[in-house]
Amino acid sequence: MLLFAFTTSIAWSYYGSRAVTYLWGVKYVKFFNIIYVITYFLASFMDTTIVWTFSGITVALMTLPNLIGILLLHKEMRISLREYSKKIFH
């Protein structure tokens, strides 16, 4: 369990740093990493209910841009899926 938790935190740190690089540039990655480590440290003293609730809220907030993107690109997705299906099944 400890290994799973450790590797998960490393993976989320990497994903976050890639997102920060994409959104604001490389110079803000160090700032993100500092905040990331501080929040892990603070979370170790908090009640687990608060940590899990905050985690659930942030995951839910990450779905909003994805849903908007899906809604905006649904026509392109349908066309691509149709073309892919023709290649596979015909």
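Which residues does Ser-9 touch, not counting residues up to four places away in sequence? Ser-9 touches Tyr-36 and Tyr-40, where contact means heavy atoms within 4.5 Å. The views below come from a predicted model, in which local features need pLDDT of at least 70, side-chain atom pairs count only at pLDDT 80 or more, and totals for chains, interfaces and linings use all residues. Residues are numbered from 1 along each chain as its sequence is written, and side-chain values use heavy atoms, with hydrogens and water left out.

**View 1**
Ser-9 is buried at 13% relative accessibility (buried is under 20% relative accessible area, exposed over 50%, partly exposed in between, with a 1.4 Å probe and protein chains only). A polar atom of the Ser-9 side chain lies 2.8 Å from the backbone oxygen of Phe-6.

**View 2. The ring pair Tyr-36 and Tyr-40.**
The ring centres of Tyr-36 and Tyr-40 are 5.0 Å apart and the planes stand at 50°, so this pair is tilted. Rings of Phe, Tyr and Trp (its six-membered ring) pair if their centres lie within 6.5 Å; planes under 30 degrees apart count as stacked, over 60 as edge-to-face and the rest as tilted. Both residues belong to helix α2 (residues 29-43), 4 residues apart, about one turn of the helix. Tyr-36 is buried at 16% relative accessible area, whereas Tyr-40 is partly exposed at 44%.

**View 3. Aromatic rings around Trp-12.**
The structure holds 5 aromatic pairs. In one of them, the rings of Trp-12 and Tyr-15 have centres 5.8 Å apart and planes at 90°, so the pair is edge-to-face. These two residues are 3 apart in helix α1, a separation of about one helical turn. Trp-12 is partly exposed, with 42% relative accessible area. Ring pairs join Trp-12, Tyr-14 and Tyr-15 into a cluster.

**View 4. Helix α1 against helix α2.**
The two axes come within 9 Å and cross at roughly 145° (axes are lines fitted to C-alpha atoms, for helices over the stretch in contact, with angles from 0 to 180 degrees between N-to-C directions). Residues of α1 that meet α2 include Ser-9, Trp-12 and Gly-16; among their counterparts in α2 are Phe-32, Tyr-36 and Tyr-40.

Methods
Polar contact = N/O pair within 3.5 Å; in protein donor to acceptor, adjacent residues only side chain to side chain.
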